[in-house]
Amino acid sequence: MINGNDILEMDSVSDTEELEEPEGDPEFGMIEEDMVYPEEFLPTYHSIKEGAKVTKTQLEEFNNKPDSLFFNDGVRRIDFILVYEDEDKKEFEKRHTFQRHKRRREYFEASLMKMGMELEATRSVIDEKLTFIKVHMPWDVLCTYAEVLHIKLPIQPNDLSSRPSPWRFISCITKYFYPNQELISEETEFFTAPFEKDRLDYFYMKDQDVFFTPSMRSRMAYYILSRAPYEIRGSRKKFGISKLLDGGVYKAAYPLHDCRFNVRSTEQGCPNERYLLYEEWAHPKSFYKMQPLDLIRKYYGEKIGIYFAWLGFYTVMLALAAVVGLGCFIYGYRTQETSTWSKEVCDPAIGGNIVMCPQCDRFCKYWRLNSTCEASKKICIFDNFGTMVFAVFMSIWVTLFLEFWKRYQAELEYEWDTVEFLEQEEPSRPEYEAKCIYERKNPVTGVKEKVPYTACGRCVRVSIGIGTVLFWILLILASIVAVIVYRLAVFFTFSSRFRNQELKELEPLKEYVTPQMATSVTASLISFVVIMILNILYERVAIWITNFELPRTKTDYENSLTLKMFLFQFVNYYSSCFYIAFAKGKAVSYPGRPVYLLGKYRNEECDPGGCLIELTTQLSIIMGGKAIWNNIQEVLLPWVKNLISRYCTRVASEKVVPRWEQDYQLQALSKHGLFYEYLEMVIQFGFVTLFVASFPLAPVLALVNNLFEIRVDAWKITTQFRRVVPEKAQDIGAWQPILQGIAILAVATNAMIIAFTSDMIPRLVYYWSFSVYPYGDHYNNTMEGYINSSLSIFNTSDFSASSRPISSDINSTITTCRYRDFRYAPGHNRQYEHNVYYWHVVAAKMAFIIVLEHIVYLTKFILSYMIPDVPYAVKEQIKREKYLTQVILHETNLKLVTKRLKPHSDDTFEQTAAKEEIELDF
């Protein structure tokens, strides 16, 4: 049971609470000295005295200027917008709840004005119930919080010569791949320093009105909004716009777009940055142009800027991998007709005379090897020496990608002033504070604070979270087992039907469709559907688990959610690929003693050419299906929602709709922001690197998808969503170590795919050892006879009663059949045991994995060591900036000391003069 003292006044608490609250004008009891935040975090905060009436926001009429970004006076810039629904126009039955909302809102707005912010209210043009609060930060408040947030501002132009571009000699061509410089000019580079009010004269300021950019102003405004109190009663303190939004006190809070996305603003001095971003970045016609990253960062903040910088860099690097992968694919396509072992499969005299054993019990029939002729040719496209070279290349490519990204990220950190980005003391999330009932001493500040759980309670929460994640991972594995059972259950059906010569309806496709291929395609489609369904379900479960764990800050919340989602997605998307690559066809024994799953279903075998083509099919279906689904979802959903919103709130054409109301009709960006965008790209990165040995076209598909992804994300964020609150970010966060982990794992998976999934190692062993004396009959190394040596012989009389094919006239004439393995023939004193060829192949596979991994890992280490994380030019600029900052600091301190000593020296002079006068008089 929870006693009354433990109940916190959350917005979700029942309305019985309001019945106890007094009616009339709100008065708020408060200790005057009590502070919501320490002074260093909220220096302009002033408490509202007991019994004082709160100041109400002044209501003004709309001035019929649709593109205005200012208050009605045309001087004060709008830094933030708050939207609420008038409580006096609500239903009478819920009047008590709405009156509480009104009291909290009025106190919140009074707190903002006490902290120096200026507010102006305007009624909605479309819906008379809505009211828009315009928030402005005066100069003094801006200077105060720029210092609190350590915002870096220019001190002087960069006097270091920039390194010339390597593309300057072909600038006449490359200029067409960059944004129009007449519209988006290159910004002047400055040395910057953290802002301080006392050293204002040392900062490079041409115009006070534009010294702080709109994104800086919005960031500072949100900093205050997230800390301003809306209800304080004794020791109970409630603060932050997030709680008010969750509780329904406000309907929305957002900074303004500077104009419409497809029309320039008519306001004088408007930068029209949103219009420029749409024309040169988000519009489909600009798909081939480089991104205007500086303008993206200036308009949306560093967090969104670094995402698009990473996505663009990843896409550019993919271009190289796509070219090499396409070359390998073309090489395989051109050589498929010349492959010796493929010719033997298709040769009626060789493959046509080889009778293969049934691949399922009783109902499957014997079949000729040349029935897989077309499938064997397709296998040659992907299973060749070019693929092995490409796998090694991709292992090195991923190292170069990560190392060069670190260098590029270091350049962006310097250019965007996040080199010494100090993570500010983050406020606790409202959900965290609502559960705070235990007291403890803060290890950092030493101040007593409330926490939602004890150390034991935290362990319980984390343990339950880990257990839930493991349960869902096991659920995924269970779904994979179910798909495997499906494959085994339907395989004999396909085998019996496709080997039936009387099937006329498949005549045009019979030579292309094999039982393995039909089973693989249908199972891949089912697997994709299962993946998407589990994805939707687990997304909610992961959020619920993270909410249950109650991380204190937003950063802790995002890191916890990132780890959970990636672990789940890793198992969800990759487990079926790992099964095909490393489990399928590996434990089948031989026809006389097959291995059964769950004691009932006979394990499926690989195609005579190996399981590589099935892995390729699985990858292409999952990658292609996922890309199409995500892009449709990202484009259609926001567009349809905005279309419905505009239809429901349509107004007469003669009405002028203000800028803030146009933005209100747009969609709000998800709470998790760019999390899902990063997750989508990291999963794709795994497909491109982990299994690229089986699918050289993976980088090509990823490149095409990313070219669309960049423009879709740009179009979405520019046209369909409200402007997001700018946030600082130094790098891509927790995704960087995840990418490095995938890169390390990729070396091992590709080496094992080549060794265990493809048929390359057995072919190399045959070519160099078993095609010539003492094992072979040929005088020179050759691939002739490989098919015959790779298929073992089985005596049909050795079938068990449960697996023997149903008797027929054809079956009665067959005394032996062939199967894919390296075993001694019947009649040998070690019949059906693994032969010497098998052990040579196993030794070669293990040696190949060890040698390849060591060579690639050594190469990766050397490249990582040779490529510095921070370019030399950037190091010089950082040193120069630190030097200038120290000079300014020294000069400022010198002036302060001089200023303080001057009055003292004047007093000494006056005392000496008076003494001389006394002596003369005496």
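What covers the buried residues of α23? The structure is a predicted model, in which local features need pLDDT of at least 70, side-chain atom pairs count only at pLDDT 80 or more, and totals for chains, interfaces and linings use all residues. Residues are numbered from 1 along each chain as its sequence is written, and side-chain values use heavy atoms, with hydrogens and water left out.

The protein chain holds 27 helices and 19 strands, taken as DSSP runs (helices H or I, at least four residues; strands E, at least two) and numbered from the N terminus. Of its 922 residues, 51% count as buried, meaning under 20% relative accessible area with a 1.4 Å probe, protein chains only.

To return to the opening question, helix α23 spans residues 760-770, and its buried residues include Met760, Ile761, Tyr766 and Phe770. Their cover includes α11 (340-346), α13 (385-415), α22, α24 (786-790) and α26.

Two of these helices also pack against each other: α22 (residues 735-757) and α26 (residues 836-866) meet at an angle of about 150°, with their axes 9 Å apart. Axes are lines fitted to C-alpha atoms over the stretch in contact, and angles run from 0 to 180 degrees between N-to-C directions. The angle therefore makes α22 roughly antiparallel to α26, a label for angles over 145 degrees. In α22, residues including Ala743, Val747 and Ala751 take part in the contact, and in α26 those taking part include Phe848, Leu852 and Val856; contact means heavy atoms within 4.5 Å.

Helix α20 (residues 675-690) is mostly covered too, with 15 of its 16 residues buried.

Key. Parallel < 35°, antiparallel > 145°, perpendicular 65-115°, else oblique. Buried < 20%, exposed > 50% of the residue type's maximum accessible area, 1.4 Å probe, protein only.
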